[in-house]
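Good morning, everyone, and thank you for making time for this. Please have the sequence and the model open while I talk, and follow along as I go from one residue out to the whole chain.

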Amino acid sequence: MALTLYVDTARWRAHQKHMLEQFPGIVPVCKGNGYGFGHERLAEEATRFGSDVLAVGTTYEAARIKDWFSGDLLVLTPFRRGEEPVPLPDRVIRSVSSLDGVHGLVGARVVIEVMSSMKRHGVSEQELPQLHAAIEDVRLEGFAIHLPLDRTDGSDAVEEVIGWMDRLRAARLPLHTMFVSHLKAGELARLQQQFPQTRFRARIGTNLWLGDHEATEYRGAVLDVTAVAKGDRFGYRQQKAASDGWLVVVAGGTSHGVGLEAPKALHGMMPRAKGVARAGLATVNRNLSPFVWAGKQRWFAEPPHMQVSILFVPSDAPEPKVGEELVAHLRHTTTQFDRILDR
């Protein structure tokens, strides 16, 4: 009895193929929990479609994935002096986002990140004159720019990249490769057309692995079903049942990521109103679970346990049976499955 990730493999790989066609030279990203699939599975997929480089989040991830992927590994977190040394092979490429970072990686393979409108990290325009001398001591694999997802000011992502291309060229820095993030296929094509001597490589994770929502599905197995009458006490906190129904114990708890949710950026009045409503219900211990039964998301009977959740199914719905599975709407990047099954 498990929380299972089902994958429609043919459909999932068809989407991958579509992305590879749209983004020539794509750099697949495998970081965090492997976008819900795990590092090993994504390394296998990247090998299968012939990628020469796989991007990972940290040096620790690179140390784990190096045995599953034989190509180059690009570490996206920038190098910082004083970081814990992690033994890595020469095929690992480090990102740097400062002059000091470049000076600290003499002889290493590096990609230099420039400061975009994200304002997260990157080399500034003022540092470019000094950068020209610094790169003589490293093996430069290219430059990179990480762009924002939303542009509420109406600015153009392509123009932002062009601006940096012009600055780098004016500083007489080599522009053989530019790694980019969060560009559409048409935008990438525009850049490639304008700068034919530069190879633009899109680093893509979410849209590559999770772009087809119908290709994957989480399901939690029903472990136990207990009938309760209105007023019956149950659970760790001995709350009272609000009405007649069933307490349904389903595989999937906090250790799987069930009940954990990342903050969301809300736009517009309706999403904000729904957020306020959810917060209000939570204050009276009413929390909607991600599990679906008989066409409806069901309420948690109490907060999820470590490996299971207890749901309340009212008596006007069909009684779940032990061994059945409930679809679970879970966020891939925060979920850890018990098993993965291809179908």
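Predicted model: local features only at pLDDT ≥ 70, side-chain atom pairs only at ≥ 80, totals over all residues.

Let me begin with Ser116, which is buried, with a relative accessible area of 6%, where buried means under 20% relative accessible area, exposed means over 50% and partly exposed lies in between, using a 1.4 Å probe and protein chains only. Residues are numbered from 1 along each chain as its sequence is written, and side-chain values use heavy atoms, with hydrogens and water left out.

Ser116 is found in the loop between strand S6 (109–114) and helix H5 (128–134); helices here are DSSP runs of H or I with at least four residues, strands are runs of E with at least two, and both are numbered from the N terminus. Which residues does Ser116 contact, leaving aside its neighbours within four places in sequence? They are Ile145, His146, Leu147 and Glu160, and contact means heavy atoms within 4.5 Å.

Glu160 takes us into helix H6, and Glu160 is also buried, with a relative accessible area of 14%. Not counting residues up to four places away in sequence, Glu160 touches Ser116, Ser117, Ile145, Leu147, Pro148 and Arg151.

Staying with H6, how does this helix pack with H7? Helix H6 (residues 157–170) and helix H7 (residues 185–194) meet at an angle of about 30°, with their axes 10 Å apart, the axes being lines fitted to C-alpha atoms over the stretch in contact, and the angles running from 0 to 180 degrees between N-to-C directions. That makes H6 roughly parallel to H7, since angles under 35 degrees count as roughly parallel, over 145 as roughly antiparallel, 65 to 115 as roughly perpendicular and the rest as oblique. On the H6 side the contact is made by Ala157, Val158, Glu159, Val161 and Ile162, and on the H7 side by Glu187, Arg190, Leu191 and Gln194. These residues divide into five nonpolar, one polar and three charged, where Ala, Val, Leu, Ile, Met, Phe, Trp, Tyr, Cys and Pro count as nonpolar, Asp, Glu, Lys and Arg as charged, and the others, Gly among them, as polar.

Within H2, the residues His39, Arg41, Leu42, Ala43, Glu45 and Ala46 are buried, and their cover includes H1, strand S3 (53–56) and helix H8 (206–210). After H2 comes Gly50, whose phi is positive, near 80°.

Finally, the whole chain: there are nine helices and 18 strands, and buried residues make up 47% of the 343 residues. The C-alpha atoms fill a box of roughly 75 × 45 × 40 Å, taken along the principal axes.
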